Amino acid sequence: MKFIPKKPREGINVSDVHPLVEAGTLVVGLTAIFAIIALALIFIIEIALYFVPAEAEAKLFSGWLPEDLVTVSPADERLYQTQLLVDRLASHWAEAPYEFRVEIDDSDLSNAMALPGGLIIVTQGLLDQVESENELAFVLGHELGHFRNRDHLRALGRGIMISLFFAVLTGNDVAGLGIKTADITLRGFSREQESRADEFGLAVVYAEYGHVNQASRLFERWQATNGDASRFVSYLSTHPEAGDRVANLRAIALRDGWETEGEITGLSW
Ligand SMILES: [Zn+2]
């Protein structure tokens with residue numbers, strides 16, 4: 001038998017599909033893949049939160065402090081009194097999975113933060129600004145609201161949340177995560193998260209005092225200070241506009257029929 005070589009047909013290296021159609025398929029395919037990855041990233045925090053229950057988080061972070069925090073002396077009177085106030089306020093949240101710990105940041109700038117494991121940080125600057133226990137109670141109640149909604153973990157960002165997720169899975173130490181206050185304070189919460197925390201904070205204040213008088217007095221004073229805002233600009237960078245909050249808090253009190261007049265409790269320092 002004689003072998004008769006056959007010529008390959010023309011255009012064997014060229015696809016039968018039009019190049020524009022091929023390019024289109026590629027673009028559509030890649031877009032779909034990116035969309036799926038983006039969606040997964042949005043849900044990954046919710047997934048990680050689900051697998052890191054508040055109890056596990058509290059255990060993991062017990063005794064933990066951000067690496068860069070400068071605290072006041074453990075014998076500080078304001079620290080002691082603020083811790084007592086947090087304990088009183090938290091008693092109105094029956095199933096709180098955290099044992100709240102207060103630390104005072106030795107900074108002149110006003111701020112308050114909710115950190116992993118039930119750690120609440122208030123600054124010296126904020127304590128200098130409050131004029132009644134009722135004012136301070138609302139600021140603290142608002143932070144309790146962030147724990148309630150677990151906003152404080154969402155604010156950590158995906159990178160840390162994923163590390164936290166693996167720390168829980170492998171039983172590792174959180175010290176390895178190296179979380180600094182800047183990781184938390186640089187990220188503000190959404191308007192929605194803030195107003196939910198305000199609502200919870202006001203409910204806690206009402207439960208404690210039987211009225212919400214002066215709950216937003218601090219913000220009213222800040223609102224009135226048109227000039228020098230440098231002392232509280234730090235708090236406002238991570239919280240909503242003082243004026244908006246005053247109006248919202250009034251609306252919540254009116255809606256729920258909470259007494260807006262009542263006896264003011266002085267600060268105990
Ligand atoms: Zn907040």
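Visitor: Why is Arg250 called exposed?
Guide: The relative accessible area of Arg250 is 54%, and exposed means over 50%, buried under 20% and partly exposed in between, with a 1.4 Å probe and protein chains only. Arg250 therefore counts as exposed. Please keep in mind that this is a predicted model, where local features need pLDDT of at least 70 and side-chain atom pairs count only at pLDDT 80 or more, while totals for chains, interfaces and linings use all residues. Residues are numbered from 1 along each chain as its sequence is written, and side-chain values use heavy atoms, with hydrogens and water left out.

Visitor: What makes the contact of Glu220 and Arg250 a salt bridge?
Guide: A side-chain nitrogen of Lys or Arg must lie within 4 Å of a carboxyl oxygen of Asp or Glu. For Glu220 and Arg250 the N to O value is 4.0 Å, so the pair meets the definition. Glu220 sits in helix α10 (residues 217-224) and Arg250 in helix α12, 30 residues apart; helices are DSSP runs of H or I with at least four residues, strands are runs of E with at least two, and both are numbered from the N terminus.

Visitor: Why is Glu220 called partly exposed?
Guide: Its relative accessible area is 26%, so Glu220 falls in the middle class.

Visitor: Which residue forms a salt bridge with Glu199?
Guide: Arg255 does, with the closest N and O atoms 2.7 Å apart. Glu199 belongs to helix α9 (residues 191-209) and Arg255 to helix α12 (residues 242-256), so the pair ties together parts 56 residues apart in sequence. Arg255 is exposed at 52%, whereas Glu199, at 30%, is partly exposed.

Visitor: How do you know that Glu133 is buried?
Guide: Glu133 has a relative accessible area of 9%, so it counts as buried. Glu133 also forms a salt bridge with Arg88, at 2.8 Å between the closest N and O atoms.
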